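Biologist: Please take a close look at one part of this model, its end included, and then turn to the aromatic rings.

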Amino acid sequence: MTKHKILIVDDEPDICEILAYNLTNEGYETTCVRSAEDALKALVAEYSLILLDVMLGGMSGYQLAETLCRRGNQIPVVFLTAKDTENDMLTGFSVGGDDYIPKPFSLKEVSARVKAILKRQKTPDGKFIFNDVMIDFELKEMAVGAIKIGLTKTEFEIISLLANNQNHVFSREEIIDNVWKDTPYITERTVDVHITRLRKKLGSHASLISNRPGFGYLFNALDK
């Protein structure tokens, strides 16, 4: 079985070393880089997950995640940072992060979060086409008209969940259970941030994802 490869981006050598040592013992292949600029030089597509410090010298972790997102990155990004306010966490999710682990952290917690993200179930094969919106479940891509839209792994899993269950209303808690599964500390506001990003990317088709106040979200196949 092919090992998952994890890219660790942190400018603190001790943290890089201990994360790499622990994750290697867990059966993963790891690569450490000390800056966002070096991470951009890496073949990011080869990795299954990125552990990313926020407060880096030069380009910040947030800026790196945003850059990767613009390039169509779907590889999960987990932020590691001492900035642990709710606004910091929401910023991380808004730029394409999939999870957020405050420093100082326990190695068991990091391992549990990594496992939870990597074991997320794959979406069904095939394509979904509605008006100008195309979702390719096999290639993990979405396009609006002729324009391919870059989605993070979490964004793709949310829209896949909704599109595969058209006109079914999912509560925020149900979306968390289906997409993040047993990943801890995911709040309902996190769901709202990702939905807002998806609607923005859908452009004129934003109403495909509808909100039912007090109940949750659905993929509205009656959208015109």
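Modeller: Helices (H or I, at least four residues) and strands (E, at least two) are DSSP runs, numbered from the N terminus. The model is predicted: local features need pLDDT of at least 70 and side-chain atom pairs pLDDT 80 or more, whereas totals for chains, interfaces and linings use all residues. Residues are numbered from 1 along each chain as its sequence is written, and side-chain values use heavy atoms, without hydrogens or water.

Buried residues (under 20% relative accessible area, 1.4 Å probe, protein chains only) of α8 include Val191, His194, Arg197 and Lys201.

Turning to the rings, the structure holds four aromatic pairs (Phe, Tyr or the six-membered ring of Trp, centres within 6.5 Å). Tyr62 and Phe79 are edge-to-face (planes over 60 degrees apart), because their planes stand at 75°, with centres 5.3 Å apart. This pair joins distant parts of the chain, helix α3 (residues 61–70) for Tyr62 and strand β4 (residues 77–81) for Phe79, 17 residues apart. Both Tyr62 and Phe79 are buried. Phe137 and Phe156 also form an edge-to-face pair, with centres 6.5 Å apart and planes at 70°. Here Phe137 lies in the loop between β7 (133–136) and β8 (141–144), and Phe156 in helix α6 (residues 153–163), 19 residues apart. Phe137 counts as buried at 4% relative accessibility, and Phe156 is buried at 2%. Ring pairs also link Tyr62, Phe79 and Tyr100 into a cluster.

Definitions and conventions:
Buried < 20%, exposed > 50% of the residue type's maximum accessible area, 1.4 Å probe, protein only. Phe/Tyr/Trp six-rings, centres within 6.5 Å; stacked < 30°, edge-to-face > 60°.
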